[in-house]
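Colleague: I am new to reading protein models. Could you walk me through this one, feature by feature?

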Amino acid sequence: MAEEANPFENLQSQIDDATRHLDVADDVLERLRYPERVLETNLTVEMDDGSIERFQAFRSQFNGDRGPYKGGIRYHPDVSRAEVMALSGWMVYKCATVDIPYGGAKGGIALDPAAYSEAELERITRAYATELRPLIGVDRDIPAPDVNTGQREMNWIKDTYETLENTTAPGVITGKAIGSGGSEGRVEATGRSTTIVAREAFAHLGRDIADATVAIQGYGNAGSIAARLLSELGASVVAVSDSGGAIYDPDGFDVDAVAASKAEHGSVVDHPGATEYVGNDDLLTLEVDLLVPAALENAIDGDLAPEVRADVIVEAANGPLTPRADEILADRDVLVVPDILANAGGVTVSYFEWVQNRQRFAWTEQRVNEELERVIVDAFDALIDIHDREGIETLRTAAYVVAIRRVADAFEDAGSFP
Ligand code: NAD
């Protein structure tokens, strides 16, 4: 099972599954399996007590054939070279699946942000931004938030870049606060696309999302917003979890109250309305209609997959299923909507933010949400179409087929240089 734990090998296996359906030359495919470059750097940062600490940090630029590199920045103790390489590849194929004009990248710092003060986090972030500066730019590489980063970190990175470059360039990063050039709807975008594809997947099965019971693993940006929007559609969110544990109520939670108690106390397990506490893995195998993994990679592996009882899985997280789990769930006819479509709302509204920054013209939230709806529904329909028409076994492989064709076309259209 060791190979299942390496997200970069999981990415390669997903690409391999698609190649059977592709008419793309082997040497071009070889290019599409590896990052173009990976920055690995050690940040030296002064702590509040005057001591100095070292932090390992990365930025992987996987592919830029369709446009500037694009992808988030993660702060987590498990950040590694293999993880950022995988996440950067998933960004390439995500942008191509929803047909927005970007390549893919990802970055991260190996640290637990909860262990540092805000002033320390600002110095760490600015040190990282200084290392990134030669690589990033409005037309070069555009970072965004990911696990444990948000508007605050994006604002610091933008300010560091603009100060060092002696310019204003809000489009160098997305996911900023509105006052710093952010877009309406960006905070909600990942949870919104998760909700849109869940609604479409149920409709595709001839069912109504309003009748669904839902379990959500991870209650951060992606998970908590998906919980709110799914509840607004009438679905009943019966189980949620975060790194502190999982809670379950067969009658369904008031998801805003859960979010409020997490904001106040730090974890969903502190929610006074919780009727039952379950293990984090137990949440993944509850008898529900829809399961939304919205935490980290490899949440469901080959051992857990036979126990999953949901009919539909919508991957808000990146890489939550190992390839073995994918295979088992496909054999069991569980409909899996892959990450590179389901959570693509984040990068799609990041793209809208970048477009607005370039035009120095802000859109309304209604316009953002309408454009997002169109992009995600069109991409979902295209995957169902190719899945049915070409007899492709899963929606994930259908997405890789569509995406790899687009990236390979862009590479081949460019001709050779030098
Ligand atoms: P976040 O930091 O806001 O939230 C992560 C949540 O997961 C937290 O509630 C954390 O407690 C929880 N968690 C961590 N380990 C867990 C475990 N073992 N069991 C249960 N919960 C656990 O991060 P986020 O931005 O919501 O990202 C979540 C996932 O969505 C990641 O895979 C990320 O790459 C993906 N994603 C995020 C965005 C975005 O715009 N933020 C876009 C696309 C994809």
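Colleague: Which residue forms a salt bridge with Arg74?

Modeller: A salt bridge is a side-chain nitrogen of Lys or Arg within 4 Å of a carboxyl oxygen of Asp or Glu. Here Glu297 is the partner of Arg74, and their closest N and O atoms are 2.7 Å apart. Across the interface of domain 1 and domain 2, the rule finds 1 salt bridge. A caution on the source: this is a predicted model, where local features need pLDDT of at least 70, side-chain atom pairs count only at pLDDT 80 or more, and totals for chains, interfaces and linings use all residues. Residues are numbered from 1 along each chain as its sequence is written, and side-chain values use heavy atoms, with hydrogens and water left out.

Colleague: Where do domain 1 and domain 2 lie in the chain?

Modeller: Domain bounds come from an automatic or database domain assignment. Domain 1 covers 32–180, and domain 2 covers 189–321. Their C-alpha centres are 27 Å apart.

Colleague: How many residues of each domain are in contact?

Modeller: Contact means heavy atoms within 4.5 Å. In this model, 9 residues of domain 1 touch 5 residues of domain 2.

Colleague: How much area do domain 1 and domain 2 bury between them?

Modeller: Buried area is the accessible area (1.4 Å probe) that two parts lose on being put together, summed over both. These domains bury about 500 Å², with 52% of it on carbon and sulfur atoms.

Colleague: Which residues are closest to the ligand?

Modeller: A residue counts as near if one of its heavy atoms lies within 4 Å of the molecule. The ligand is surrounded by 24 residues, and the closest are Asp146, Thr190, Asn221, Ala222 and Asn318. The side chain of Thr190 has an N or O atom 2.8 Å from a ligand oxygen. For the side chain of Arg74, that distance is 3.0 Å.

Methods
Polar contact = N/O pair within 3.5 Å; in protein donor to acceptor, adjacent residues only side chain to side chain.
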